[in-house]
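Please keep the sequence and the structure at hand while reading.

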Amino acid sequence: MRSKIHHLINFLNQYTRFPVIEKRFEEDHSFRNAKAVVPFFYYFIFFIAVLKLLELRHFPLRGNFTPRWPIFWANYVDLQIVLTIVLVFFAFASLVAAFFYYRRAGRVIAFLGIFQYHALLSSFGSPHHQMDLWLWVAFLLIFLPNIWNEKNKSLEEQKKFSLVFWSAQAFVLLTYSMSGIGKILGAITQYFNGEVHIFALNAAALHVTSQLNAMQSTTLLGPLITKYPLFGWFPLVAIIYLQFFAFLIAFRPSLHRIWALGLVFFHVGTFLAMDAEFFHAIPLLLILFFNSPFGRLNPSWRQIALDLPIFGWIFASIFKRSKKNYLFEIKDVI
Amino acid sequence: MSYKLLKKIIIFFLILYFLIGLFARYAKNENEMEDIYPFFSWFLFNKVPQPQVYEE
């Protein structure tokens, strides 16, 4: 029994070694950059919370109010009072975290504020996913080591700090990959059902038309894609590529910035094409990835090309014929 | 907590989130809304609306 546990531990150790990204965790500038970026997460959360105070005037009620478990106390209080408490607490909690981001207690309070607000939004029928990413990132950042004071910094603590920051990045990218996986699974199902699937040339046009009909709205790019479906086909395939492989990019720091840029274009594009707004994710992409602590501001284009999913594997096999040394080993890809 | 243990916990959390999201998506009947709060499958726009749907 003991040897089986030992084998399991060895197996897990083998598949939880991520040499490329973990080398970055050991670098001092990665830790310093991560430490510099974290406060901006809380500054922006406070900005969102302050804007949400405008909802005190008119909260968007989307259905019957059935409190989710985090706001179980709302069952005993008038709805208007619940709205006031949650919105004001959200603003207060995020202000505390914006000021005391270097204290775990501050980060915990921010999480509680976001959680209460998120639960409130989700208590009117269907869950509201706009704030999902902020909620879970706020949860993960609670576990940052308290080494804001340089005196407390050991290499182990520094690596843990970078690891927790990276976990926030990985989580955000995981959600995009889950969306990409859903699209691939949907495509497989629809293909074998003889239906139009997401890789069909008119798939984007069908999505756009259906969404605009449902929303009873029109968009800047909607009519163009509906009339000329091919205009939407390539962006849609690019979106599937961006989403499906997003989680892999967490392990490839050279692609952090460019992948986040692609995802920002994705969010803006889907709004301009089909009135599907998910803008709350954009600031998170900017904060966590545009100045990723683990990337380089100017990585070599060859490194980027070799790190690309699928294309990188093709390029690497081509380079292998002419060069003995890779920029990285294939086995270090994951 | 050591770095190695923290890493394993984080990986476990990511896998758990993924699995619960899948469970939320597929454990429900088609008529039930996917909902294991606060988890989510992120299966948005995963099926293409068929032409006869919007022509009606």
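Which residues are buried in α6(A)? In this predicted model, they are A:Asp132, A:Leu133, A:Trp134, A:Trp136, A:Val137, A:Ala138, A:Leu140 and A:Leu141. Helix α6 of chain A, which spans residues 132-141, is thus mostly covered, with eight of its ten residues buried. The elements that cover these buried residues include α3 (28-52), α5 (104-121), α7 and α13 (281-290) of chain A.

Chain B, by comparison, can be described briefly: there are two helices and zero strands in this chain, and buried residues make up 20% of its 56 residues.

Where the two chains meet, 36 residues of chain A are in contact with 28 residues of chain B. On the side of chain A that touches chain B, the elements giving two or more residues are α6, α7 and α8 (203-215) of chain A, and α7(A) gives the most, with 16 residues. By class, this side of chain A has 13 nonpolar, 16 polar and seven charged residues.

| Helix | Residues in the contact |
|---|---|
| α7(A) | A:Glu156, A:Lys159, A:Lys160, A:Leu163, A:Ser167, A:Ala170, A:Phe171, A:Leu174 and A:Met178 |
| α1(B) | B:Tyr3, B:Leu6, B:Lys7, B:Ile10, B:Leu14, B:Tyr17, B:Phe18 and B:Gly21 |

By class, the contact of α7(A) with α1(B) has eleven nonpolar, two polar and four charged residues.

A last point concerns a residue in another helix of chain A. Is A:Arg302 buried or exposed? A:Arg302 lies in helix α14 of chain A, which covers residues 301-307, and A:Arg302 counts as exposed because 12 C-beta neighbours lie inside 10 Å, where 12 or fewer is the cut-off for an exposed residue. From C-alpha to C-alpha, A:Arg302 and A:Phe92 are 47 Å apart in space, and 210 residues apart in sequence.

Definitions and conventions:
Residues numbered from 1 in each chain as written. Chains lettered and ligands numbered in written order. Predicted model: local features only at pLDDT ≥ 70, side-chain atom pairs only at ≥ 80, totals over all residues. Helix = DSSP H or I, 4+ residues; strand = E, 2+ residues; numbered from the N terminus. Contact = placed C-beta atoms within 7 Å. Nonpolar A, V, L, I, M, F, W, Y, C, P; charged D, E, K, R; others polar.
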